[in-house]
Amino acid sequence: MSEATDRDVTTALDPERVRARAKELYDREFADLLARTPKSRVMFERARSSMPLGVASSFQAAEPYPVYLARGEGARVWDVDGTGYVDFHNGFGSMAVGHAHPKVAEAIERAARTGTHFAVTTDAAVLLAEELCRRFGLDRVRFTNSGTESTMDAIRVARAATGRDVVVKVEGAYHGHHDAVMFSVAPSLQLVTEADETGVQPPASLGIPRAAAALTTVVPFNDLGVVEDLFSRRGQDIACFILEPVMMNIGIVLPRPGYLEGLRRLCSEHGIVLIFDEVKTGVTIAAGGATERFGLQADLVCLAKSIGGGVPIGAFGGRAELMDLIGNGVAQQGTFNGNALAAAAGLAALTEVLTPDAYLHLGHLGKRLAGGCEAPIRQSGLAAHVVDLGCKGCVSYRAEPLVDYRSFLETDAQLFEASWVWLLNRGIFMTPGNEEQWTLSVQHEDSHIDLFVEAFGEFCQTLAG
Ligand SMILES: Cc1ncc(COP(=O)(O)O)c(C=O)c1O
């Protein structure tokens, strides 16, 4: 697209007018959504008597009810009313292999016939452990059942290794729902300001002991100076720094050049364990996740989501001297760890589906999708930007790229909401919430990208008027 076709700066959009238009579009599209999803409504009425909020996880809840899905195949999913969508949500980033991939289905069918669970380590678990070690440069890994367990166990190993208790995490980052990391997950501007004044972070859930706050310290993303200062004052108390090397709880926020290298150096200098939470970035933004993409080795790496090919599994691993504390005083266990079905599915996903060619395909699709969204944004003059990272990407409604959580708070949620329902009504199944991002699968094709780009282009045009 040529610069000449971009909206002239002298006719820049009035943000208030755009917001009002977004609200109008949202109301109209949302009414259409409710009208065409009666079976989801019925499902919700039924589900809410057996499950809080009528869903299996609070992330799945929506007002007045969520769209319930019936099935998925390839790059597509169908809701309980029979409407088909191209899936860009992909199970919050767990389905880089796409739905019902023949190779993964075959591995699952084989496991179903030969035994799904023994609570005894199988050859598939050993092979999968080796593949994870290879991809992420790890000496050892242990399996868990979720990302939450992976970060919980990694923090325990770090505390054991250092004999220190304090965990440092990034403002506005999500690492699962165990107590140590449930601080400053998605605080409002008011909470952020209050925490600045009091120096105290309130827990992000009821039921977390207030005393836990003393053991978790929060720093902004992308600010080495703050970390340097904190480590020089309190380094002796700090067990670990846990972070997503690319923040993916607020759209997608890339590390500034030198940030990760600086953290690596500071952690080494102060004997603090550096933990990369690669639950979202692992095996998606590259075969070896952010570790490979940025060429930097953390002490421990946490994994889950797409490593299982759509089956629940997690893992964490790192240097032998840390991981070998397991068996030397650190408890790490679980009935379903390394479960035969999950290991078989994960092994097929990583060794048969997510091949080097698959990553080329994902990179190609991602680039096309990001470019296809960027053009109408520029053309319409909307205050938004696009991020493209392997099979992950997003549109964030702020003109400049984000650098940390506070810049995320400046994104326009109203515009996101309008785009989400607009796309949903045009066959695009996307993650709800502007803190999320799309995930492409190996089963997506150019035609699926075209559909998204066309619908998104119409949205921008309609919004800008
Ligand atoms: C970066 C990150 N870490 C950890 C988790 C927790 O993973 P799980 O939902 O499997 O417990 C998530 C979940 O979205 C995540 O995005």
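Analyst: Domain bounds here come from an automatic or database domain assignment. Keep in mind that this is a predicted model. On that basis the protein splits into domain 1 (3-100 + 356-464) and domain 2 (102-353), and their C-alpha centres lie 27 Å apart. Where they touch, domain 1 puts in 28 residues and domain 2 puts in 30 residues. On the domain 1 side, α3 (90-93), α13 (356-380), β11 (385-389), β12 (392-396) and α14 (405-408) each supply at least two residues.

Now for the inside. The largest nonpolar core has 136 residues, and Cys240, Val273, Ile275, Leu300 and Ala344 have the most contacts inside it. Helix α12 (residues 340-353) gives the most to this core, eleven residues. Domain 1 and domain 2 each contribute at least three residues to this core. Zoom in on Ile275: leaving out residues up to four places away in sequence, it touches Ala154, Ala158, Cys240, Phe241, Ile242, Ala298, Asp299, Leu300 and Cys302. There's also a second, separate core of five residues, including Met43, Phe44, Tyr65 and Tyr68.

Back to α12, which packs with helix α4 (residues 102-114) at an angle of about 155°, the axes being 8 Å apart. Angles over 145 degrees count as roughly antiparallel, so that's what α4 and α12 are to each other. Their crossing is right-handed. Among the residues making the contact are Val104, Ala107, Ile108 and Ala111 from α4, and Leu341, Ala344, Ala345 and Ala348 from α12.

Terms used
Residues numbered from 1 in each chain as written. Predicted model: local features only at pLDDT ≥ 70, side-chain atom pairs only at ≥ 80, totals over all residues. Core = buried A, V, L, I, M, F, W, Y, C linked by C-beta atoms within 7 Å. Buried ≥ 20, exposed ≤ 12 C-beta atoms within 10 Å, placed from the backbone. Helix = DSSP H or I, 4+ residues; strand = E, 2+ residues; numbered from the N terminus. Contact = placed C-beta atoms within 7 Å. Axes fitted to C-alpha atoms, helices over the stretch in contact; angles between N-to-C directions. Parallel < 35°, antiparallel > 145°, perpendicular 65-115°, else oblique. Left-handed = near helix turned anticlockwise from the far one by under 90°.
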